[in-house]
Amino acid sequence: MWIVGLVAVGVLLEGCGAAYTKQDFIARADAICTTTVRATRLIAPPSFGHAGPEQLRALSGYTAKVLPLVQDEANRLRGLPRPQGGAAADKTTLTGFLGAFTALVGDYENLQTAASQADAPGVARA
């Protein structure tokens, strides 16, 4: 019975504007990343036992499945509320992380485009 009371107090505090902390942000971000990693691991990686164009087709099929997961992860991370207050260095780090993650999504998009067009030099650049 005391668990129900504890949960009720927690819900009440959250509804009353309890501070959203750095630890809260990290916990939510970790959950998002863990979900994406698990989903990605369910996708069979491409087999590179074939030559040239067949390798690119295999890579294209794989990245076509992974790319939406990475895009969703980036959107969900960007959508998290920012912690209240906090050090300027933490805000700078978070901004840098989100920027790097956005660049990573762009790299995946470039890789998918190049692989789907059988552009081996483009794949190498991506």
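A: Here is a quick tour, topic by topic.

A: This is a predicted model, so local features need pLDDT of at least 70 and side-chain atom pairs count only at pLDDT 80 or more, while totals for chains, interfaces and linings use all residues. Residues are numbered from 1 along each chain as its sequence is written, and side-chain values use heavy atoms, with hydrogens and water left out.

Q: Fine. How many helices and strands are in the chain?
A: Five helices and zero strands, running α-α-α-α-α from the N terminus on. Helices here are DSSP runs of H or I with at least four residues, strands are runs of E with at least two, and both are numbered from the N terminus.

Q: And what share of the chain is buried?
A: Buried residues make up 23% of the 126 residues. Buried means under 20% relative accessible area, exposed is over 50%, and partly exposed is in between, using a 1.4 Å probe and protein chains only.

Q: Which residues touch the most others in the largest nonpolar core?
A: That core has 14 residues, and F25, A29, V70, L77, L80, F101 and V105 touch the most other members. Helices α2, α3 (52-79) and α4 each supply at least two of its residues. A nonpolar core is a set of buried Ala, Val, Leu, Ile, Met, Phe, Trp, Tyr and Cys residues joined through side-chain atoms within 4.5 Å.

Q: What does F101 contact, leaving aside neighbours within four places in sequence?
A: V70, E73, A74 and L77, where contact means heavy atoms within 4.5 Å.

Q: And where does A29 sit?
A: A29 is in helix α2 and is buried, at 10% relative accessible area. Beyond its neighbours within four places in sequence, A29 is in contact with L77 and L80.

Q: Switching topic: what's the volume of the largest pocket?
A: About 320 Å³. On a 1 Å grid over the protein atoms alone, a pocket is an open set of points where a 1.4 Å probe fits, with protein on both sides within 12 Å along at least five of seven lines; lining residues have an atom within 4 Å of a point. Grid points are joined across faces, edges and corners, and the volume is the space filled by probe spheres set on the points.

Q: Which residues lie nearest the pocket's centre?
A: K22, F25, P83, D90 and L94, out of 16 lining residues. The elements giving two or more residues to that lining are α2 (22-41) and α4 (88-116).

Q: I saw K22 and D90 there. What do they form?
A: A salt bridge, with the closest N and O atoms 3.4 Å apart. K22 lies in helix α2 and D90 in helix α4, so the pair ties together parts that are 68 residues apart in sequence. K22 is partly exposed at 40% relative accessible area, and D90 is partly exposed at 32%. The cut-off is a side-chain nitrogen of Lys or Arg within 4 Å of a carboxyl oxygen of Asp or Glu.

Q: How many salt bridges does that rule give?
A: Two. D119 and R125 also meet in a salt bridge, at 3.9 Å from N to O; D119 is partly exposed at 24%, whereas R125 is exposed at 66%.

Q: Last one: what's the phi of A118?
A: Positive, about 55°, although A118 is not a glycine. Most residues other than glycine have a negative phi. A118 lies in the loop between α4 and α5 (120-125).
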